[in-house]
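Please look at the sequence and the model shown below before reading on. The report after it is meant for someone meeting this structure for the first time.

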Amino acid sequence: MHINYEINQDDLIEFYMFHMQYDRRAIRARFLQALLGCCAIAVITFGLIAYFHINALEGWIVGIITMLAFFWLYQFFFRAMMRRRILALLKKNHPYDSYGAKSMTFEKDHLMETTNGLKRKLFYKDILRSLETKDYFYIYEQPGVAYTLPKRCLSNKASEEIRNYLKMTAPEDGKDPLKERLTDSLLNKSEDSKK
C-alpha cells in the first residue's frame, strides 16, 4: 500500500503535545505548579480571614472554591504555555525534512517513508509502539520519535489498511499495540530494554 500525505507545523506541535500528556515529568511539573498555586491561595485566604476578621467558614469556602477553580484552569494555562515553548523550539532547531509532502509505502515486513527524495525504512518488528488518536496514527521507532500520519490525508480504507499493517507489531502475548496506553508502552519499554 502506498499513501501520500503532508506534515505541517501544527501536526508536529500536536505530536509533542500528545506525547507530553503522558510524560511523567510533564505530569509531575503540571501537578506541582498547580499545587503551589493552590498553597499560595490558601495562605492568602488565611491572611485575609485573620486581617479582616472574616467569618472563617465563609472565608475558607470561598478559598477552597478559588483553589479548585485555579487547579482546573491551570491545566489550560500549562497547555498553552507548553504549546508556545514547543513552537519556539520547532522554529529554532527542527530538521527541515520534518515538514512538507511525504509518502509512505507499507510492504510485507517493513514500511518506507520518503521525504524530499530521502528514504527511511523501518521493519515492523523494530516498531516500539503504534498508537491511534482521533486525528493521527503515531508509529514510534523510539521513545519520543515517531512517524506521524494525519488522518485528514487518508481515506477510511487506507486507515483500515494501516491498522491491519500495524497489528503486525503486536507482541506474542496477543495484545494490540493500538489499544495500549502510551504510559505503558513508551515509558516502560525503555526501562525494560536497559535490563
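Predicted model: local features only at pLDDT ≥ 70, side-chain atom pairs only at ≥ 80, totals over all residues.

Residues are numbered from 1 along each chain as its sequence is written, and side-chain values use heavy atoms, with hydrogens and water left out.

**Overall make-up**

The chain has five helices and seven strands, where helices (H or I, at least four residues) and strands (E, at least two) are DSSP runs numbered from the N terminus. Read from the N terminus, the elements follow the order β-α-α-α-β-β-β-β-β-β-α-α. Of the 195 residues, 37% count as buried; buried means under 20% relative accessible area, exposed means over 50%, and partly exposed lies in between, with a 1.4 Å probe and protein chains only. Among contacts between residues at least 6 apart in sequence, 60% join residues at least 24 apart, a contact being heavy atoms within 4.5 Å.

**Strand 2 and its partners**

Strand 2 (residues 100-106) is largely enclosed by the rest of the structure, because five of its seven residues are buried. Strands count as paired if DSSP finds at least two bridges between them. Strand 1 (residues 2-7) runs antiparallel to strand 2 and is joined to it by six bridges, with Asn 4 having Ser 103 in strand 2 as its bridge partner. Strand 3 (residues 110-115) also pairs with strand 2 in the antiparallel sense, over five bridges, and here Lys 102 has Thr 115 in strand 3 as its bridge partner. A hairpin of three residues leads from strand 2 to strand 3.

**Salt bridges**

How many salt bridges does a search of the whole structure find? The search finds 11, each being a side-chain nitrogen of Lys or Arg within 4 Å of a carboxyl oxygen of Asp or Glu. Side chains of opposite charge can pair when their charged atoms come close. The table lists some of these pairs.

| Salt bridge | Distance between closest N and O atoms |
|---|---|
| Arg 152 and Asp 11 | 2.7 Å |
| Arg 120 and Glu 113 | 3.4 Å |
| Asp 126 and Lys 125 | 3.5 Å |

The salt bridge of Arg 152 with Asp 11 links distant parts of the chain, since Arg 152 is in the loop between strand 7 (145-150) and helix 4 (156-166) and Asp 11 is in helix 1 (residues 9-21), 141 residues apart. Asp 11 is buried, with a relative accessible area of 2%, and its side chain also makes a polar contact of 2.6 Å with that of Tyr 136. A polar contact is a pair of N or O atoms within 3.5 Å; within protein, one must be able to donate a hydrogen and the other to accept it, and residues adjacent in sequence count only if both atoms are side-chain atoms. Leaving aside residues up to four places away in sequence, Asp 11 touches Glu 6, Tyr 136, Pro 150 and Arg 152.

In the second pair, Arg 120 is partly exposed at 36% relative accessible area, whereas Glu 113 is buried at 4%. In the third, Asp 126 is partly exposed at 40% and Lys 125 is exposed at 69%. Elsewhere, salt bridges that share partners join Asp 10, Glu 14, Arg 79 and Arg 83 into one network.
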